[in-house]
Amino acid sequence: MKKMTLLLASVLLSASATVSLAEDISGLDSLRKQGLETQDPAAKLKNYPKDNEKVGLSYIQQPPLVPHSVRGYQVDRNVNKCLSCHSFKNYKKYDATKISTSHFTNRDGTVLSDVSPRRYFCMQCHVPQVKAQPLVENDFKPSGALSD
Amino acid sequence: MNLIKKLWRALRRPSVHYSLGFLTVGGFIAGIIFWGGFNTALEYTNTEQFCTSCHEMRNNVFEELKPTIHYTNRSGVRASCPDCHVPHNWTDKIARKMQASKEVWGKLFGTIDTREKFQAHRRELAENEWRRLKANDSLECRNCHNFDSMDFTLQASRAAKQHSTALATGEKTCIDCHKGIAHELPDMTGVKGWH
């Protein structure tokens, strides 16, 4: 009987502890507004703009952002859709930004005559942007040559 | 030889047992049934369901079509296999269907029955379609996309530039630029316009 009471008490205690955890996040300001037990509602999907103005750089050596939608762009061993406009051969025809010669350098520092395999997968660094506000307020400003 | 002669004689002789009315009406009804049956079968082979009943199509090209704009889009207009691969015009359609007997052969002998075999044939298969669409001035594209109805001001600047010049003069046709819009591209080495 004594054991039973103890067990019941511990169960009740742990239950109340869980409830209080769910409601109170101990004064911490978290991005997560819900308790751990509940699922956040899914954020609204954002679409990529089809064609946009060029996006300025935020820091030196930043890979420029892609100002257009890249839906269905195939970049694999068969073909590189990005290079069909941005390659040295094609950029003039389409009035596109040409890739930098830095992309021709392989990991040993040797400059090749065309895009180096390690720089072939464009979207590892160059990504399109949706119009989304930052989740956390910040006052980052580009410095040096990129500052206003 | 004797049989053919007999048949020929039977065909030439007027009917003994059946009236002209019966033969005329009977022939008419049989004609409707045969023609209707033929067209129904033709229509059935022109459905997405039929095209994807083979694993070669279902697991390769159909899977590749799904994420593209022609299958998944905001307006709910969907182009399925025959919309692009079978001419709508009757005579052209029959011609294409006769060509498709080659595809039945391919199915029977397993020309592309594995992913590897399909990948190996991808360039050849793509070239067949590029050639066909080039020859008919991208007719299947134009069944929906009407050049005269294009508003260049609503297009992206680069698209407007290409459409108002190369496409307008007939120098280029849709497929010259819009390759690989519904399926993955093969190795594009040596294809004009690609790096």
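Two residues are in contact if their C-beta atoms, placed from the backbone, lie within 7 Å. The legends below describe a predicted model.

**View 1. The contact between chain A and chain B.** Chain B contributes 12 residues to the contact, and chain A contributes 13 residues. On the side of chain B that touches chain A, five residues are nonpolar, four are polar and three are charged. For the complex in this predicted model, the predictor gives an ipTM of 0.76 and a pTM of 0.78.

**View 2. Chain A and its three helices.** Chain A holds three helices and zero strands, and its elements follow the order α-α-α from the N terminus on. The chain has 148 residues, of which 7% are buried. Among the contacts in chain A with a separation of 6 or more, 41% join residues 24 or more positions apart. The mean pLDDT of chain A is 82, and 81% of its residues score at least 70. Within chain A, the lowest confidence falls in α1(A), with a mean of 55, while the highest falls in α2(A), at 92.

**View 3. Q61(A) in a loop of chain A.** The loop between α1 (2–23) and α2 (83–86) of chain A contains Q61(A). The phi of Q61(A) is positive, about 70°, although this residue is not a glycine. Is Q61(A) buried or exposed? Q61(A) counts as exposed because it has 6 C-beta neighbours inside 10 Å, and a residue is exposed if that count is 12 or fewer.

View 4. D95(A) belongs to the segment after α3 of chain A. D95(A) is a residue other than glycine, yet its phi is positive, near 55°. Because 10 other C-beta atoms lie within 10 Å of its own, D95(A) is exposed. L135(A) also lies in the segment after α3 (91–94) of chain A. For L135(A) the number of C-beta neighbours inside 10 Å is 8, and therefore L135(A) counts as exposed. In sequence, L135(A) and L31(A) are 104 residues apart, while in space their C-alpha atoms are 8.1 Å apart.

**View 5. Chain B as a whole.** Chain B has 11 helices and zero strands. Why does chain B count as more spread out than a compact globule? The radius of gyration of chain B is 23 Å, well over the 16 Å that the globule rule gives for 195 residues, so chain B is more spread out than a compact globule. Along its principal axes, the C-alpha trace of chain B spans about 75 × 40 × 30 Å. Buried residues account for 9% of the 195 residues of chain B. Of the contacts in chain B with a separation of 6 or more, 57% are between residues 24 or more positions apart. The mean pLDDT of chain B is 92, and 100% of the residues score at least 70.

View 6. Along the chain, Q99(B) and F22(B) are 77 residues apart, and their C-alpha atoms are separated by 39 Å. Helix α7 of chain B, residues 101–108, is hardly covered. How many of the eight residues of helix α7 of chain B are buried? The count is zero. Just after α7(B) comes G110(B), which takes a positive phi of about 65°.

**View 7. Helix α8 of chain B and its bend.** Helix α8 of chain B runs over residues 115–135 and has 21 residues. From its first C-alpha to its last, helix α8 of chain B reaches 29 Å, close to the 30 Å expected at 1.5 Å a residue. Where does α8(B) bend? The bend is at H121(B) and amounts to about 50°. D137(B) follows α8(B), and the phi of D137(B) is positive, near 55°.

Conventions: Residues numbered from 1 in each chain as written. Chains lettered and ligands numbered in written order. Predicted model: local features only at pLDDT ≥ 70, side-chain atom pairs only at ≥ 80, totals over all residues. Nonpolar A, V, L, I, M, F, W, Y, C, P; charged D, E, K, R; others polar. Helix = DSSP H or I, 4+ residues; strand = E, 2+ residues; numbered from the N terminus. Buried ≥ 20, exposed ≤ 12 C-beta atoms within 10 Å, placed from the backbone. pLDDT = per-residue confidence, 0-100. Expected span 1.5 Å × (residues − 1). Bend = angle between axes of the 7 residues up to and from the residue. Rg over C-alpha atoms; globule rule 2.2 N^0.38 Å.
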